[in-house]
Amino acid sequence: MGEVAEFPVEGGSQAPAGLPRQERLEALRRQIAAIPVRGESARPRPAEPAMSPVPVDRLLPVPEPLARLLPDGGLVRGSVVSFSGAMSLLIGVLASATAAGGHAAVVGHRRLGLLAAAEMGAELSRIALIPEPGPDPVEVAAVLLDGMDLVVLGLGGAVVPPARTRAVVARARSKGAALMVTDGRWDGAHVRLEAAVHGYRGLSASARGRLCGTGLSVRAQGRAFQPRVARIDLCAGRTGVEWRPGEPARVGSVPRPAEVAR
């Protein structure tokens, strides 16, 4: 048997050259045994860097109780949000965005409550309404992404194919606008919001039948976070509608919109 070849192992160490042949073999065997097998790490992996927060200028504000459900505290520009359920939450998002100086367009919603939006603080002069977008509302919304901060698209029950959703998402990202889609199927949304009415305040005899508050059950889920739920109260204040956190809710306790009569 010829000479034993000296070769580097993990960490660059070698068997000492001055040892007898048998001891050199034993030293090499110990070094080879210390090499980690596939799937193991030779040294501790460095901790993954924490995700940096989204800059404020890339966020559209939302009502404070809803902001607590979203990982970034608002709607990220360039993202798509799928929404279903009670329209009060959608109107609140519109109100927050326009009250902060943003411009919004609403496509395909024939009965948007502008009075409710104004009571929530919306700047109506910054909201464009296209209730009858024609046979292709997706194309209308895609055009409006250029120049708007937020576009709300009512699909009227349509199912948008993945190839087209990808194209619209790419346009929203390049234009820095957020897109909210409702009343249809849009696969691949970054965030999904569901809202359902779970009660009213002010309908008792002592309140003389005047509605002074609505309770919402809200569920948020996204690609990068697990479902989160919350109860949100909309209360009549002195200057308009106020958004307040409701009682805590569990994930399984929040009904889906279809389960609640609206």
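User: Ground rules before we start?

Analyst: This is a predicted model, so local features need pLDDT of at least 70 and side-chain atom pairs count only at pLDDT 80 or more, while totals for chains, interfaces and linings use all residues. Residues are numbered from 1 along each chain as its sequence is written, and side-chain values use heavy atoms, with hydrogens and water left out.

User: Which strands does β3 pair with?

Analyst: One is β8 (residues 178-182), joined to β3 in parallel by 3 bridges. Another is β10 (residues 191-201), also parallel, with 5 bridges. Two strands count as paired if DSSP finds at least two bridges between them.

User: Which residues sit across from Ser82 and Ser84?

Analyst: Serine 82 has valine 181 of β8 as its bridge partner, and serine 84 is opposite glutamate 194 in β10.

User: Switching to packing. Which residues touch the most others in the largest nonpolar core?

Analyst: Leu66, Leu75, Leu150 and Met180 do, in a core of 40 residues. Helix α3 supplies the largest share of this core, 7 residues. There is also a second, separate core of 20 residues, which includes Leu145, Val151, Val169 and Leu179. A nonpolar core here is a set of buried Ala, Val, Leu, Ile, Met, Phe, Trp, Tyr and Cys residues joined through side-chain atoms within 4.5 Å.

User: What does Met180 touch?

Analyst: Leaving out residues up to four places away in sequence, methionine 180 touches Leu75, Val81, Phe83, Leu90, Val93, Leu150, Val151, Val152 and Leu153. Contact means heavy atoms within 4.5 Å.

User: And Ser96, buried or exposed?

Analyst: Serine 96 counts as buried because its relative accessibility is 18%. This residue is in helix α3 and contacts Pro61, Val62 and Pro63, neighbours within four places in sequence aside.

User: Charges next. How many salt bridges?

Analyst: The count is 8, where a salt bridge is a side-chain nitrogen of Lys or Arg within 4 Å of a carboxyl oxygen of Asp or Glu.

User: Which helices does the Glu139 and Arg164 pair tie together?

Analyst: Glutamate 139 and arginine 164 form a salt bridge with their closest N and O atoms 3.5 Å apart. Glutamate 139 is in α5 (residues 137-144) and arginine 164 is in α6 (residues 162-175), so the pair links parts 25 residues apart in sequence. Both glutamate 139, at 41%, and arginine 164, at 29%, are partly exposed. These two and Asp136 are linked in a network of salt bridges.

User: What about Glu64 with Arg68, and Arg244 with Glu242?

Analyst: Glutamate 64 and arginine 68 meet at 3.4 Å, N to O. Glutamate 64 is partly exposed at 48%, whereas arginine 68 is exposed at 54%. For arginine 244 and glutamate 242 the N to O distance is 2.7 Å; arginine 244 is partly exposed at 37%, as is glutamate 242 at 30%.

User: Where does His103 sit, and what is in contact with it?

Analyst: Histidine 103 is in the loop between α3 (87-99) and β4 (104-107). Neighbours within four places in sequence aside, histidine 103 contacts Arg126, Met148, Asp149 and Leu150. Glycine 147 is 44 residues away from histidine 103 in sequence, but 8.1 Å away in space, C-alpha to C-alpha. Histidine 103 counts as partly exposed because its relative accessibility is 38%.

User: Last one. Which residue other than glycine has a positive phi?

Analyst: Aspartate 183 has a phi near 60 degrees. Aspartate 183 lies in the loop between β8 and β9 (185-186), and at 46% relative accessibility is partly exposed.

Technical notes:
Helix = DSSP H or I, 4+ residues; strand = E, 2+ residues; numbered from the N terminus. Buried < 20%, exposed > 50% of the residue type's maximum accessible area, 1.4 Å probe, protein only.
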